[in-house]
Amino acid sequence: VPVDSGVGQAWLFAFITQLIVLAVGVTLPFTLIGLVMLATSGGDPWMFLGRAAGWLIGGIIFLMLGAVLWGLVAHGMLRITGGCAHGLGRTYQAILYASGAHAPVGVPCIGPSCGVYLIWIWWLVSAILMTCEGQRVRGGRATLCVGLFPVGMVALVIAAYLGFVFYIIGQTRTASAAFTAMGYQPTSEASSARHCSGVRIASD
């Protein structure tokens with residue numbers, strides 16, 4: 001990519017690429033299911049059509065916003081760790097043009113279901129290699145600077161998920177202990193009542 005090329009072209013490339021990927025890989029299957037249901041008057045077609053639109057719009061917003069934050073963090077780290085040859089636009093070019101590696105997610109059904117968990121790694125590797133060449137930095141520093149944001153986000157999501165799971169487990173154990181205690185209490189009271197009645201009968 002020429003140094004003097006505009007960063008707007010990179011944004012346009014990333015936008016069109018991700019639009020096609022999401023439209024073919026995610027939106028198309030939901031749309032086809034919805035249209036079949038609409039033609040056969042079966043099920044709820046509007047739910048699938050709504051999901052198709054939601055995945056397309058939400059996915060584009062998520063990816064573009066993620067690219068904005070990714071570029072800022074990566075370039076900030078490059079500046080902090082020793083500087084780089086070019087400005088923020090060059091870092092964005094590396095990340096945005098590397099988004100072409102996300103294309104396998106566009107395989108209908110299979111891509112979104114299986115590839116989305118791993119394909120982002122190839123996007124990351126491509127962005128690191130482009131940053132090495134574009135900003136004239138070594139591989140180790142490019143890996144640290146470019147990889148910090150996506151790896152950090154994945155670690156944050158995993159930590160949040162594990163925290164949620166342990167919270168649910170804790171709440172379940174607490175509720176189970178409370179129900180168990182409530183279950184024993186009537187039995188104890190009934191035993192005490194029978195014991196008192198027996199004592200009264202014996203006294204009589």
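A residue is called buried when its relative accessible area is under 20%, exposed when the value is over 50%, and partly exposed in between, using a 1.4 Å probe and protein chains only. By this scale S99, at 1% relative accessibility, counts as buried.

The structure is a predicted model, in which local features need a pLDDT of at least 70 and side-chain atom pairs count only at pLDDT 80 or more, while totals for chains, interfaces and linings use all residues. Residues are numbered from 1 along each chain as its sequence is written, and side-chain values use heavy atoms, with hydrogens and water left out.

**Overall architecture and confidence**

The protein chain has six helices and zero strands, where helices (H or I, at least four residues) and strands (E, at least two) are DSSP runs numbered from the N terminus. Along the sequence the pattern is therefore α-α-α-α-α-α. Of the 204 residues in the protein chain, 31% are buried. Contact here means heavy atoms within 4.5 Å. Among contacts between residues at least 6 apart in sequence, 69% join residues at least 24 apart.

Confidence is expressed as pLDDT, the predictor's confidence in each residue, from 0 to 100. The protein chain averages a pLDDT of 82, and 85% of the residues score at least 70. Among the elements, α3 has the highest mean pLDDT (93) and α4 the lowest (70).

The expected span of a helix is 1.5 Å times one less than its number of residues. The table sets out two helices, each with a span close to the expected value.

| Helix | Residues | Number of residues | First to last C-alpha | Expected span |
|---|---|---|---|---|
| α2 | 45–80 | 36 residues | 52 Å | 52 Å |
| α5 | 119–135 | 17 residues | 24 Å | 24 Å |

Each of these helices is followed by a residue with positive phi. After α2 comes G82, with phi near 140°. After α5 comes R136, with phi near 55°, a positive value in a residue other than glycine. R136 lies in the loop between α5 and α6 (139–203) and is exposed, with a relative accessible area of 62%.

**Packing of α3 against α5**

Two packed helices are described by the angle between their axes and the distance between the axes. Helix α3 (residues 88–97) and helix α5 (residues 119–135) pack at an angle of about 150°, with axes 8 Å apart. Axes are lines fitted to C-alpha atoms, for helices over the stretch in contact, and angles run from 0 to 180 degrees between N-to-C directions. The crossing of α3 and α5 is right-handed; a crossing is right-handed if the near helix is turned clockwise from the far one by less than a right angle, and left-handed if anticlockwise.

On the α3 side, the contact is made by R90, T91, A94, I95 and Y97; on the α5 side, by W123, A127, M130, T131, G134 and Q135. By class, this contact has six nonpolar, four polar and one charged residues. Ala, Val, Leu, Ile, Met, Phe, Trp, Tyr, Cys and Pro count as nonpolar, Asp, Glu, Lys and Arg as charged, and the others, Gly among them, as polar. The buried residues of α5 include W123, A127, T131, G134 and Q135.

**Individual positions**

S99 is found in the loop between α3 and α4 (110–114). Leaving aside neighbours within four places in sequence, S99 is in contact with F13, A14, T17, Q18 and W123. S99 and L63 are 36 residues apart in sequence and 9.7 Å apart in space, C-alpha to C-alpha.

Q18 lies in helix α1 (residues 7–40) and is buried, with a relative accessible area of 0%. Not counting residues up to four places away in sequence, Q18 touches I60, L63, M64, S99 and H102.

T27 is also placed in helix α1, and is buried at a relative accessible area of 11%. Beyond neighbours within four places in sequence, T27 is in contact with L22, A52 and L56.

D44 sits in the loop between α1 and α2 and counts as partly exposed, at 41% relative accessibility. D44 and I33 are eleven residues apart in sequence and 9.9 Å apart in space, C-alpha to C-alpha.
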